[in-house]
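Please keep the sequence and the structure in view while reading.

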Amino acid sequence: MTKSQITLAILFTLLTFIDVSTSSSNVFNVVSFGAKPDGVTDSTAAFLKAWQAACVSAYSATVMVPTGTFLVKGITFTGPCKSKLKFQVAGTVVAPADYWAFGNSGYWILFNRVSKMSLVGGTFDARASGFWACRKSGQNCPPGVRSITFNAAKDVVISGVKSMNSQMSHMTLKGCTNVAVRNIKLVAPGNSPNTDGFGVQSSTGITLTGSTVQTGDDCVSIGPGTRNFLISKLNCGPGHGVSIGSLAKTLNEDGVENVTVSNSVFTGTTNGVRIKSWARASTGFVNKVFFQNLIMKNVQNPIIIDQNYCPTHQGCPTEHSGVKISQVTYRNIQGTSATQQAMNLACSKTNPCTGITLQDIKLTYNKGTPATSYCFNAAGTNLGVIQPTSCLNK
Ligand SMILES: *[C@@H]1O[C@H](CO)[C@@H](O)[C@H](O)[C@H]1NC(C)=O
C-alpha cells in the first residue's frame with residue numbers, strides 16, 4: 001500500500017468505529033428508563049423519558065420498545081427533535097382498559113410537531129371493547145380518543161405498524177407535510193362504532209401504500225385541506241370504504257385536491273369510493289381526483305357521490321351543497337355490487353359536478369337483474385365500456 005492508501009484505510013477504520021459506537025449509544029430503550037414489559041405497570045413516564053433523551057441527541061437516535069407488552073396512558077411526544085429519530089417498536093403497547101382514564105383529551109398517542117422521524121413496527125392495542133359497549137348501550141360515555149395521531153408533522157415515515165381496537169380513529173394526520181405510510185394494518189370489528197381507519201386533513205404530500213384496513217367506519221377518511229394524497233394497494237373491508245368527506249361541515253372550509261386511489265380492493269364494504277358533503281353552504285371544493293384500477297367485491301355502493309347529506313334534515317336551511325366537485329376520474333373499476341344501484345352520482349342542486357370521467361367500468365349485481373346507475377346534476381365524459389350504462393350529462 002502507498003502512504004495515502006494506508007491513511008485512507010486508517011480513516012475508514014476510524015469512521016466505521018465512530019459510526020458503530022454512536023449508533024449503539026444512541027438507542028434509548030424504554031426499559032432502561034423504567035418501562036416494564038408486563039402489560040400492567042404504567043410505563044407512560046418511562047416512554048416520555050426515553051423520548052426526551054432521544055430528542056435532544058446530537059446524532060440520529062432510536063427510541064426502542066422491545067418485545068413484551070407495555071401499558072401506556074395518554075401520551076404526547078413533542079418535536080421537533082435535534083436529529084433524525086426512529087421510534088422502533090418490537091412489542092405491544094396497550095391502552096388502559098378503563099376508558100375513563102383519558103378524560104377529554106381526544107388522543108391516546110400523539111406525536112406533535114415532529115420532523116425527520118420514523119415510526120416502525122409494533123402493535124398498538126387500544127382495547128376499546130368496553131368503550132364501544134358503553135356507546136352502543138347509550139350510557140354516559142367519554143368522547144373517546146384516536147389511537148395514533150400526528151399533528152403538524154413533517155418528513156415522516158410510518159411503516160409496519162399495527163393498530164387494533166381503537167376507540168375512535170386508528171391513525172390520523174392533521175396539518176402534516178410529506179408523510180409516507182407503508183404496510184400498516186388497522187383492525188377493529190366491523191360493528192365497532194366510529195372506528196375510522198386512516199384519516200387525513202389539512203395535509204399535503206401523503207402516501208398510504210400496501211396497507212390493510214378492517215374496521216367499523218371509513219377505511220380511509222379524507223378531510224378538508226388534503227392535497228396530493230396517494231393511496232395504493234389498499235385492502236379495505238369490512239368498513240365504510242374510502243371517503244372524501246364529510247365536507248361542508250363549516251362554511252369556510254378548505255378544499256380537497258389531487259387525490260388518487262389506485263390498485264386497491266374493497267371487500268364487503270358499505271361504500272367503495274365515496275365523495276360526501278353536507279347539503280349546506282360552504283367554500284369547499286373537490287378537484288382532480290383519480291379512482292383507478294379498483295376491485296369491488298360485494299360492495300353496497302361501489303361508486304358514490306352524495307352531496308345531499310343532512311341526517312334528519314337538521315342544520316341544512318337551503319338543502320343544497322356549496323361544495324363544487326370537478327375533474328373526478330373513475331377508471332377501470334370492476335367487480336360486484338351488493339345493491340342494484342352500483343353507481344350513484346348525486347351532485348349538488350346548485351353546483352353540478354363537472355368533468356367527471358367514466359372509463360372501463362364493469363360492475364355487476366348478482367341477484368338476476370342488471371346493475372343500475374343514478375345521476376343528478378353530473379356532467380362529463382364516457383370512455384370505453386361502462387356497465388351499468390352511464391347516466392352522465394354530456
Ligand atoms: C399530485 O399528487 C401526486 C401524489 O399523489 C404527486 O406526485 C403530484 O406531484 C401531484 N401533482 C401536483 C400537480 O401537485
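## Pocket and cavity

In the lining of the largest pocket, at least two residues each come from strand S17 (198-201), from S19, from strand S21 (242-247) and from strand S23 (271-278). The strand that gives the most to this lining is S17, with three residues. The model is a predicted one, and in it the largest pocket has a volume of about 620 Å³. The lining of that pocket counts 26 residues, of which Arg146, Asp196, Gln201, Ser221 and Lys249 are the closest to the centre.

The structure holds one cavity of 30 Å³ or more, and the volume of the largest cavity is about 30 Å³. The residues that line the largest cavity are Phe47, Val72, Ile75, Phe77, Phe87, Val93, Ile109 and Phe124.

## The ligand and its surroundings

Three residues, Asn228, Leu230 and Asn258, are found around the ligand. For Asn258, an N or O atom of the side chain is 2.4 Å from an oxygen atom of the ligand, while for Asn228 a polar side-chain atom lies 3.5 Å from a ligand oxygen atom. The ligand taken alone exposes 360 Å², and 39% of that area is buried by the protein.

Asn258 is found in strand S22 (residues 256-267), and its phi is positive, about 60 degrees, although Asn258 is not a glycine. With a relative accessible area of 29%, Asn258 is partly exposed, given that this class covers the range between under 20% for buried and over 50% for exposed.

## Disulfides

How many disulfides does a search of the whole structure find? The search finds six, and when the bonded cysteines of the protein chain are numbered in sequence order, they pair as 1-2, 3-4, 5-6, 7-8, 9-10 and 11-12. Cys176 is buried, at a relative accessible area of 1%.

One of the disulfides is formed by Cys219 and Cys236, whose sulfur atoms are 2.2 Å apart, and this link is right-handed, with 85 degrees about the S-S bond. The pair links distant parts of the chain, 17 residues apart, with Cys219 in the loop between strand S18 (204-214) and strand S19 (220-222) and Cys236 in strand S20 (residues 227-236).

Another disulfide joins Cys375 to Cys391, with the sulfur atoms 2.1 Å apart, and because the torsion about the S-S bond is about 75 degrees, the disulfide is right-handed. Since Cys375 lies in strand S29 (residues 372-376) and Cys391 in the segment after strand S30 (378-387), the pair ties together parts that are 16 residues apart in sequence. Cys391 is partly exposed, with a relative accessible area of 25%. A further disulfide, between Cys310 and Cys316, has an S to S distance of 2.0 Å and is right-handed, with 105 degrees about the S-S bond; Cys310 and Cys316 are both buried.

## Backbone details

Cis peptide bonds are worth checking by eye in the display. Gly79 and Pro80 are joined by a cis peptide bond with omega at about -5 degrees, and Pro80 is found in the loop between S5 and strand S6 (85-89). Gln387 and Pro388 are likewise joined by a cis peptide bond, with omega at about 5 degrees, and Pro388 lies in the segment after S30.

Lys233, in strand S20, is not a glycine and yet has a positive phi of about 50 degrees; at 58% relative accessibility, Lys233 counts as exposed. Lys73, in the loop between strand S4 (69-71) and strand S5 (75-78), counts as partly exposed at 36% relative accessibility. From Lys73 to Ser243 the separation is 170 residues in sequence and 30 Å in space, taken from C-alpha to C-alpha.

Conventions:
Residues numbered from 1 in each chain as written. Predicted model: local features only at pLDDT ≥ 70, side-chain atom pairs only at ≥ 80, totals over all residues. Heavy atoms only, no water. Near = heavy atom within 4 Å. Polar contact = N/O pair within 3.5 Å; in protein donor to acceptor, adjacent residues only side chain to side chain. Areas by Shrake-Rupley, 256 points an atom, 1.4 Å probe, with all protein chains shown as cover. Disulfide = S-S within 2.5 Å. Helix = DSSP H or I, 4+ residues; strand = E, 2+ residues; numbered from the N terminus. Buried < 20%, exposed > 50% of the residue type's maximum accessible area, 1.4 Å probe, protein only. 1 Å grid on protein atoms, 1.4 Å probe; cavity = no way out; pocket = protein on both sides within 12 Å on 5 of 7 lines; lining within 4 Å. Points joined across faces, edges and corners; volume = space filled by probe spheres on them.
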